[in-house]
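Hi there,

Here is the structure I promised to pass on. My notes on it follow below.

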Amino acid sequence: MRRLWLIDASYIHANNLELLGAQRRIDYLRLRTLIEEELGPLWRGYFLNSAQDEPNEGRDRFHNWLQTAVPHGPNLIVRLYGLKSEPVRAAWCADCATKVDVRCPHGSGQHRLFNQRQMGVDVGLATLALIHQERYDGLVLSSGDADLMDAVEHLSEHGKRIELAVFSTGVATDLQARADRVLWIDDHLKTLTGDGAAPA
C-alpha cells in the first residue's frame, strides 16, 4: 500500500507547545519512523507551513533537514505559504459572551495591533491530497482541521484509506469519524522527543 503523508506544521507546533513547552520538540524523523512502524511505509510526505518573508537561518536549516533523505532526515517536501496580517480592534470573550476592546498596554491606545494567520495551508493540503489521488492508496493526515472534510470525504468515497497521525486535542471529531485508523501522537511523546527509547 502506498501512503501519502500530509503535515500541517502549525497544528503540530501548537500541540507541541501545549504538551511539551518550547524547550522540547517532536522529532519529525522519529515521527516518520513511528508512522511507518504503526501504519506502513510512506510513499511521499509534505510539510506545509506559513512563514515570515524575513530571512531566518535557523528556520532555513530546519527546513533543509526536513528534506534530507532517511536515515539522516525525514525526507519531507517543504511547502511554505505566507502570513496574512489583520488589524485587531476587539476580541470575543467566550466566558462573558461579549466583545471586548483590545489595547496594547504600552501605547496609550495609539499602537496599531495585528494578528497574523496562515493563509493557503489548508488549501495546499487538500490540493496535494487530490492531485496525487491516483498515486497512493492511503492518506495519512497530521492536521486537525475540519476544513479538510470535503477532500477527505471525496477521497474516502473513492476508496482511499484515511489515517490520522494526530494529537488527542485539536482534531475535529468529523475527521476522527471518517478515519480508518487513528495514531495518537500523545501516546508516543517520550519516543518522539528522544526522552524514551529511540525508535527501532
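Which residues of helix α5 (residues 149-157) are buried? They are Met149, Ala151, Val152 and Leu155, where buried means under 20% relative accessible area and exposed over 50%, with a 1.4 Å probe and protein chains only. Helices here are DSSP runs of H or I with at least four residues, strands are E runs of at least two, and both are numbered from the N terminus.

Before going further, this is a predicted model: local features need pLDDT of at least 70, side-chain atom pairs count only at pLDDT 80 or more, and totals for chains, interfaces and linings use all residues. Residues are numbered from 1 along each chain as its sequence is written, and side-chain values use heavy atoms, leaving out hydrogens and water.

After α5 comes Gly159, with a positive phi near 85 degrees.

As for α4, its residues Ala126, Ala129 and Leu130 meet Ala151, His154 and Leu155 of α5, contact being heavy atoms within 4.5 Å.

Finally, Ile35 is in contact with Trp5, Gly40, Leu42, Val140, Ala165 and Leu183, leaving aside neighbours within four places in sequence.

Happy browsing!
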